[in-house]
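I opened this notebook to keep a record of what I looked up in one structure, entry by entry. The sequence and the model come before my notes.

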Amino acid sequence: MADMDPETATNTAGEEEPLFSNLDLFLFSLIVGLVIYWFMSRKQQEPIPEFKKLDTPTPTTRETSFVEKMKKTGKNIIVFYGSQTGTAEEFANRLAKDAQRYGMKGMAADPEEYSMGELARLAEIENSLAIFCMATYGEGDPTDNAQDFYDWLQENDDENLSGLNYTVFALGNKTYEHYNAMGKYVDKRLEELGAKRIFDLGLGDDDGNLEEDFISWREQFWPAVCEHFGVEASGDESSIRQYELKVHTDVNMNKVYTGEIGRLKSFEVQKPPFDSKNPFLAPVTVNRKLNKAGDRHLMHLELDITGSKIRYESGDHVAVFPTNDSELVNKLGEILGVDLDVVISLNNLDEESNKKHPFPCPTTYRTALTHYLDITNPPRTNVLYELAQYASDPKEQENMRKMASSSPEGKALYQNWVLDSCRNILAVLEDMPSLKPPIDHLCELLPRLQARYYSIASSSKVHPNSIHICAVVVEYKTKTGRVNKGVATNWLKNKLVNGHKSTVPMYIRKSQFRLPFKASNPVIMIGPGTGIAPFMGFVQERGWLKQQGKEVGETVMYFGCRHKNEDYIYQEELEEAEKNSVLTQLNVAFSRDQDHKVYVQHHLKKNKEHIWKLIHTDNAHIYVCGDARNMAKDVQTAFYEIAEEYGSMTRTQATDYVKKLMTKGRYSQDVWS
């Protein structure tokens with residue numbers, strides 16, 4: 001007790017000592033307290049409580065064996081689809097539905113959801129057949145949902161598919177370099193692995209008439225299937241419904257979808273990671289018109305991705321989910337005489353199907369027509385065929401059935417009346433007054449509204465929290481005098497900065513369109529019009545690399561527009577980049593500022609010697625972005641001519657030379673038709 005007050009010590013000594021001092025009592029209390037605390041706080045083994053078993057069924061894991069599912073549901077035909085924009089999926093559903101008309105049972109299947117290693121087991125099912133509707137995306141690539149299947153086909157050389165009967169319908173576009181590459185590969189590879197092709201590969205060309213290509217192939221395909229399996233068509237040409245309508249009269253509105261792509265309320269409570277099934281709602285922070293004059297509207301938008309954990313690279317694509325024009329939606333409601341705000345569900349009649357609804361349900365007709373269904377594209381022939389029964393005028397009904405047939409007259413009528421006249425479903429209903437389909441059947445038949453992809457016009461090195469879009473608003477007059485408007489571009493145009501509903505549901509799609517790994521490699525960028533978009537990101541990135549003290553190779557730009565004083569977009573930014581030597585050469589073709597047309601390929605030919613040196617000696621990378629139908633082909637031809645002249649090659653050698661550049665990743669294209 002050395003630290004006790006001296007006065008207290010003296011007083012204590014003079015008193016009679018009790019049995020326990022205050023200090024003893026204090027220490028004793030402390031010890032008892034600690035012991036009690038230890039007993040109370042130590043972890044005791046708790047008895048396991050008995051939980052009452054709930055009546056609700058436990059969530060089942062998704063069936064990944066398509067063979068077991070087919071056995072369970074008595075199906076013998078499976079139609080796999082590789083789809084990016086929904087068309088291949090739509091064709092797959094039509095073929096699966098067709099099977100019933102031919103006395104068979106079919107199912108459409110997403111290869112991403114099943115174990116494709118089970119293809120060999122399909123032989124366990126009598127008269128089984130696998131159909132593949134395969135779209136090609138980008139530069140001969142598989143679609144996102146077919147990537148794993150593609151990898152599996154490439155990696156499994158020892159797979160024995162000798163018991164597999166198959167056929168392939170490919171979806172592509174002839175304006176692209178690798179026309180129908182994915183469909184051709186699947187067809188060839190399955191044969192290499194021993195599978196038996198029971199009908200010829202079908203080639204659909206979206207640059208021509210994809211619908212006609214599909215119908216012509218399908219008309220010959222089914223008789224060949226019947227002959228192969230020795231079955232007869234049932235002759236049942238009646239409409240077959242896939243979904244049944246349920247109207248919800250008493251429903252909790254918190255359980256109703258209002259436009260979400262995947263998870264209910266995902267737009268209210270955002271949770272990363274963000275992708276095609278869970279898009280991020282990005283606020284629009286900039287929306288400005290780029291062109292100074294002219295009758296077009298070119299625009300620059302900036303989307304804020306702060307806090308989303310979204311990462312992107314220059315050259316990637318941003319996918320946005322647009323909504324349909326409310327005026328079109330209201331007109332559909334009026335012409336069909338329905339209350340669009342009724343809450344409904346469309347439930348699959350096949351309870352075993354992975355696809356329970358054609359779009360998120362329950363929802364309202366208004367939401368379905370606004371967010372989920374494509375109401376602006378011309379309806380395909382199967383939609384006309386199914387709807388024909390609801391036309392009370394025999395002549396209109398006959399015309400609809402004729403357009404859905406494979407007869408030359410029917411094909412010509414469909415081409416002229418629907419496609420060439422750009423009639424969407426509203427125009428069809430307006431021009432066939434007796435046609436009054438039930439809205440639920442119409443909603444079942446219309447394809448899903450798809451995301452739109454735009455080349456990102458910024459660099460994440462400079463703008464880590466912002467994604468830039470450059471686009472031209474689509475609006476045109478049809479042969480019928482109607483004005484058709486592009487869904488996504490008009491929707492984006494009307495996005496007010498910081499205004500009501502100024503957010504854009506979006507996600508990133510990775511691309512192979514990449515700057516060279518070595519910054520010292522020269523780059524040649526060719527992008528007229530809005531094809532300049534990815535190159536704005538490239539220029540920003542090359543400027544950033546220079547600021548970091550990196551050695552940056554020559555950066556050459558070829559841009560084209562109609563008039564210098566009208567649509568020379570990003571003029572200030574490009575001229576500033578040239579002034580700062582970020583762009584070592586800026587070549588701009590103004591196609592209509594003189595008597596004769598001048599395009600980017602003409603400027604390429606002017607600089608032939610310099611271009612050849614960059615490519616052949618300095619290991620330059622070439623990038624082309626924009627129109628696939630004319631520009632990309634003309635630019636490629638210009639490179640052939642340069643290689644012929646300065647490389648002393650024949651046209652065949654020059655073509656091979658450019659193709660090798662593509663194979664090595666030194667000639668990249670991001671083009672559309």
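The entries below go from annotated spans to a helix pair, then to salt bridges and to backbone details.

**Entry 1: ground rules.** I am working with a predicted model, in which local features need pLDDT of at least 70 and side-chain atom pairs count only at pLDDT 80 or more, while totals for chains, interfaces and linings use all residues. Residues are numbered from 1 along each chain as its sequence is written, and side-chain values use heavy atoms, with hydrogens and water left out.

**Entry 2: annotated spans.** I looked up the UniProt record, whose positions are given in the numbering used here, with shortened feature names and annotations that may be inferred rather than shown by experiment. The unreviewed entry lists "domain: Flavodoxin-like" at residues 77–222, and I noted for this span 34% helix and 24% strand, with end C-alpha atoms 12 Å apart. Helices and strands here are DSSP runs numbered from the N terminus (H or I of at least four residues for helices, E of at least two for strands). The record, again as an unreviewed entry, also places "domain: FAD-binding FR-type" at residues 277–516; that stretch is 29% helix and 22% strand, and its end C-alpha atoms lie 31 Å apart.

**Entry 3: a helix pair.** Two packed helices are described by the angle between their axes and the distance between the axes. On the α11 side the contact (heavy atoms within 4.5 Å) is made by Asn399, Lys402 and Met403, and on the α12 side by Glu409, Gly410, Leu413, Tyr414, Trp417 and Val418. I sorted these contact residues into five nonpolar, two polar and two charged, where Ala, Val, Leu, Ile, Met, Phe, Trp, Tyr, Cys and Pro count as nonpolar, Asp, Glu, Lys and Arg as charged, and the others, Gly among them, as polar.

**Entry 4: salt bridges.** Side chains of opposite charge can pair when their charged atoms come close. How many salt bridges does the structure hold? I found 41 salt bridges, each defined as a side-chain nitrogen of Lys or Arg within 4 Å of a carboxyl oxygen of Asp or Glu.

One of them joins Glu90 and Arg380 at 3.3 Å, N to O. Glu90 lies in helix α4 (residues 87–101) and Arg380 in the loop between α9 (365–372) and α10 (381–387), so this pair ties together parts that are 290 residues apart in sequence. Glu90 counts as buried at 14% relative accessibility, and Arg380 counts as buried at 19%; the scale I used takes buried as under 20% relative accessible area, exposed as over 50% and partly exposed as in between (1.4 Å probe, protein chains only).

I then turned to Arg241 and Glu444, whose side chains meet in a salt bridge of 2.7 Å, N to O. Arg241 sits in the loop between α7 (210–229) and β8 (243–248) and Glu444 in helix α14 (residues 439–445), so the pair ties together parts that are 203 residues apart in sequence. Arg241 is partly exposed at 26% relative accessibility, whereas Glu444 is buried at 10%.

Within helix α8 (residues 326–336), Lys331 and Glu327 are four residues apart and so are separated by about one helical turn; their closest N and O atoms are 3.7 Å apart in a salt bridge. Lys331 is partly exposed at 34% relative accessibility, as Glu327 is at 48%.

**Entry 5: backbone details.** I noted a cis peptide bond from Pro272 to Pro273, with omega near 0°, and Pro273 is found in the loop between β8 and β9 (280–289). Lys309, which is not a glycine, has a positive phi near 65°; Lys309 is in the loop between β10 (298–304) and β11 (317–320) and is exposed, with a relative accessible area of 65%.
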